[in-house]
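Here is a short briefing to read with the model open beside you.

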Amino acid sequence: AIGEATLETARAAAAAKLAVPILIGEADIIAKDAAAIGWDLDGIEIIPAEGEDGAIALAIRLFGEGRVAGLAKGQLHTDVFMGGIVKRTAGIRTGKRLVHLFAMLPPAGGRPLLISDAAVNVDPDIETRVEAALHMAEMSRRLGQSRPRIAVLSATESVLPAMPSSGEAAEIALRAAAIDTEADFAGPLSFDLAISPKAVAMKSFEGPVAGVADGLVVPDIVSGNILFKSIVWFGGGLAAGLVLGGAIPIVLTSRSDPPAARLASLALAAIAGRDDG
């Protein structure tokens, strides 16, 4: 939990009652960084840890003791953070695949657009993308969409033998629809036909997802990474990111993320971890 940006996020989350933060790391550095932002840390639990490996090990131990409802990466390197989490001995993996999901929030407000997987799985197989589609549908419902519309992307809306992702997209959509009957899944869809009613009208395309997708399942991490960063840097979108599929939500932020994106990610984790039963 070292770093002023991390502490600013923790303070804001506590003030908004999104989370009760537990800070793990070198206590003297935490105190110094907190002083730099004017936070007195009154009532905040600090657990001393040495180094990045020590910090994630202690965080996993707290999970094992039932003391934490989620994990959020501070200034740790992603490989160290996720490396500790994915170990079977950590107990966080539940048998499902871990998938990353972005909720892209429009700058002027409005309906979020979900994207998966743009940060964890480099070359996800069909099973992983089916699980991503299902996670996305469930998260969309938690965000208020009664019947989510999930598009499985390719570069075409037709199954073409020369484009393997198109056939895979069709299979993913069919398999997800068979499991979750409370959402609509369609694939393959090109990006424009997934999100633009104008493009749908121009191409005379039809379907319950066409032009109105709530979520996009991408073929691989490269396309997903380019897509979400294009929305951030060209469209002014805010990216709230979360790793799902484990026993608890995992907030995986970048060290370059603005405070608003970090706080939105914690809010998303709170929604994902909510017990609706």
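At 34% relative accessibility, Glu171 counts as partly exposed; buried means under 20% relative accessible area, exposed over 50%, and partly exposed in between, with a 1.4 Å probe and protein chains only. Its partner is Arg175, with the closest N and O atoms 3.1 Å apart in a salt bridge, a term for a side-chain nitrogen of Lys or Arg within 4 Å of a carboxyl oxygen of Asp or Glu. This is a predicted model, in which local features need pLDDT of at least 70 and side-chain atom pairs count only at pLDDT 80 or more, while totals for chains, interfaces and linings use all residues. Residues are numbered from 1 along each chain as its sequence is written, and side-chain values use heavy atoms, leaving out hydrogens and water.

**Salt bridges**

- Arg175 is partly exposed, at 28% relative accessibility.
- Arg175 and Glu171 are four residues apart in helix α6, so about one helical turn separates them. Helices (H or I, at least four residues) and strands (E, at least two) are DSSP runs, numbered from the N terminus.
- Salt bridges with shared partners join Glu138, Arg141, Arg142 and Asp180 into one network.
- Asp180 is buried, with a relative accessible area of 9%, whereas Arg141 is partly exposed at 25%.
- Arg61 and Glu65 form another salt bridge, their closest N and O atoms being 3.7 Å apart. Glu65 is partly exposed, at 47% relative accessible area.
- Searching the whole structure gives 14 salt bridges.

**Helix α6**

- The 16 residues of α6 should span 22 Å at 1.5 Å a residue, and the end C-alpha atoms are 23 Å apart, which agrees. The expected span is 1.5 Å times one less than the number of residues.
- Buried in α6 are Ser165, Ser166, Ala169, Ala170, Ile172, Ala173 and Ala176. Viewed down the axis, these buried residues fall within an arc of 165°, so they line one face of the helix; the arc is that of the directions from the helix axis to the C-beta atoms.
- Pro164, Leu174, Ala178 and Ile179 are exposed, on the face of α6 turned away from its buried side.
- The cover over the buried residues of α6 includes α5, β6 and β7.

**Nonpolar cores**

- The largest nonpolar core has 29 residues, of which Leu101, Met139, Ile150, Phe185, Leu242 and Leu268 touch the most other members. Such a core is a set of buried Ala, Val, Leu, Ile, Met, Phe, Trp, Tyr and Cys residues joined through side-chain atoms within 4.5 Å.
- At least two residues of this core come from each of β4, α5 (126-142), β6 (149-153), α6 (164-179), β9 (238-244) and α10. The biggest giver is α5, with seven residues.
- Another core, of 24 residues, lies apart from this one and has Ala55, Phe81, Met82 and Leu252 among its members.
- Beyond neighbours within four places in sequence, Phe185 has contacts that include Ala133, Leu134, Ile150, Asp180 and Val209. Contact means heavy atoms within 4.5 Å.

- His100 sits in strand β4 and is buried, at 0% relative accessibility.
- Not counting residues up to four places away in sequence, His100 touches several residues, including Ile115, Asp117, Val120, Leu242 and Leu252.
- One aromatic pair turns up in a search of the whole structure. The rings of Phe102 and Phe228 have centres 4.0 Å apart and planes at 25°, so the pair is stacked. Rings of Phe, Tyr and Trp (its six-membered ring) pair if their centres lie within 6.5 Å, and planes under 30 degrees apart count as stacked, over 60 as edge-to-face and the rest as tilted.
- Phe102 belongs to strand β4 (residues 99-105) and Phe228 to helix α9 (residues 221-235), so the pair ties together parts 126 residues apart in sequence. Both Phe102 and Phe228 are buried.
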